[in-house]
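Please read the report below alongside the sequence and the three-dimensional view.

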Amino acid sequence: YLLLLPGFLFYVIIMLGPSVATSVYSFTDASGIKGAAVHWVGLQNYREFLFMGQASLDNYAALVRTLIFCFCVTTIQFTLGLVLALLVNQRLRGVNIFRTIFFMPVILGAVIQGLIWSLFLYPLGGPLASLLGMFGIHSEFLGGQPAEAMAWVIVVQIWANLGTTMMIFIAGLQTIPGELYEVVRIDGANGWQTFKNVTW
């Protein structure tokens, strides 16, 4: 418990404390100005956020985009991470090189990731524009349309964090005893049955 205490205190100070404070302040008219009086307003902020004027419609639109983003990133990243983990968990030569390649985006900083993708999506001679140009497709606003921008944000998010998901799955896969695979192989299970009944 003593060893857990520093991490727990750090969590309380950095994560839990600000979350609780934000929740409490959401029921007040706090402006953030030093010395300004703070009054309890109850659910007024939530009523304004959800039901009053054009701002509430914009908030709903932002909420929908957030839910779409979360759903797409979670399902696609989960699925691809599992598939990659299954592929690189094989005992093949050079598999560590592929693990490194797939994990590399995770260790790049956010600035480097942003630079890579802004150069990749640059509409006037970037790699993607050149590739599309080979098929006669040209755009001065590559990824600039709302639907395109959302799709690219999802792609970049998945690309940046797929390595972490893959490594978590690899860690899980390596805890499965090899004897289980031998047993189902002797019983005549095919690849899908082995995955469904043992791996999954």
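The paragraphs that follow take up the helix pairs, then the pocket, then individual residues.

This is a predicted model, in which local features need pLDDT of at least 70 and side-chain atom pairs count only at pLDDT 80 or more, while totals for chains, interfaces and linings use all residues. Residues are numbered from 1 along each chain as its sequence is written, and side-chain values use heavy atoms, with hydrogens and water left out.

**Helix packing**

Two packed helices are described by the angle between their axes and the distance between the axes. Here the axes are lines fitted to C-alpha atoms, for helices over the stretch in contact, and the angles run from 0 to 180 degrees between N-to-C directions. Helices (H or I, at least four residues) and strands (E, at least two) are DSSP runs, numbered from the N terminus.

| Helix pair | Angle between axes | Distance between axes |
|---|---|---|
| H3 (residues 53-88) and H7 (residues 146-173) | about 40 degrees | 7 Å |
| H5 (residues 110-120) and H7 | about 135 degrees | 12 Å |
| H8 and H9 | roughly 140 degrees | within 10 Å |

Angles under 35 degrees count as roughly parallel, over 145 as roughly antiparallel, 65 to 115 as roughly perpendicular and the rest as oblique. With an angle of about 40 degrees, H3 and H7 are therefore oblique to each other, and their crossing is right-handed, a term used if the near helix is turned clockwise from the far one by less than a right angle, with left-handed used if the turn is anticlockwise. The residues of the contact between H3 and H7 divide into 21 nonpolar, five polar and one charged, where Ala, Val, Leu, Ile, Met, Phe, Trp, Tyr, Cys and Pro count as nonpolar, Asp, Glu, Lys and Arg as charged, and the others, Gly among them, as polar.

H5 packs against H7 at about 135 degrees, which makes H5 oblique to H7, and the crossing of H5 and H7 is right-handed. H8 and H9 are likewise oblique to each other, and H8 passes H9 in a right-handed crossing.

**The largest pocket**

The largest pocket has a volume of about 570 Å³. A pocket is an open set of points on a 1 Å grid over the protein atoms alone, where a 1.4 Å probe fits, with protein on both sides within 12 Å along at least five of seven lines, and lining residues have an atom within 4 Å of a point. Of the 19 lining residues, Asn89, Gln90, Arg91, Leu173 and Tyr181 are the closest to the centre of the pocket. Helix H8 (178-186) and helix H9 (191-199) are the elements that give two or more residues to this lining, and the largest share, five residues, comes from H8. By class, the lining divides into eight nonpolar, seven polar and four charged residues.

**Individual residues**

Relative accessible area under 20% means buried, over 50% exposed, and in between partly exposed (1.4 Å probe, protein chains only). Leu80 is found in helix H3 and, at 39% relative accessibility, counts as partly exposed; Leu80 and Leu162 are 82 residues apart in sequence, and their C-alpha atoms are 7.4 Å apart in space. Tyr60 also lies in helix H3, where 35% relative accessibility makes Tyr60 partly exposed, and its C-alpha atom is separated by 20 Å from that of Gln145, 85 residues away along the chain.

His138 has its place in the loop between helix H6 (127-133) and H7, and at 68% relative accessibility His138 counts as exposed. The C-alpha atoms of His138 and Leu124, which are 14 residues apart along the chain, are separated by 9.1 Å.

Technical notes: Points joined across faces, edges and corners; volume = space filled by probe spheres on them.
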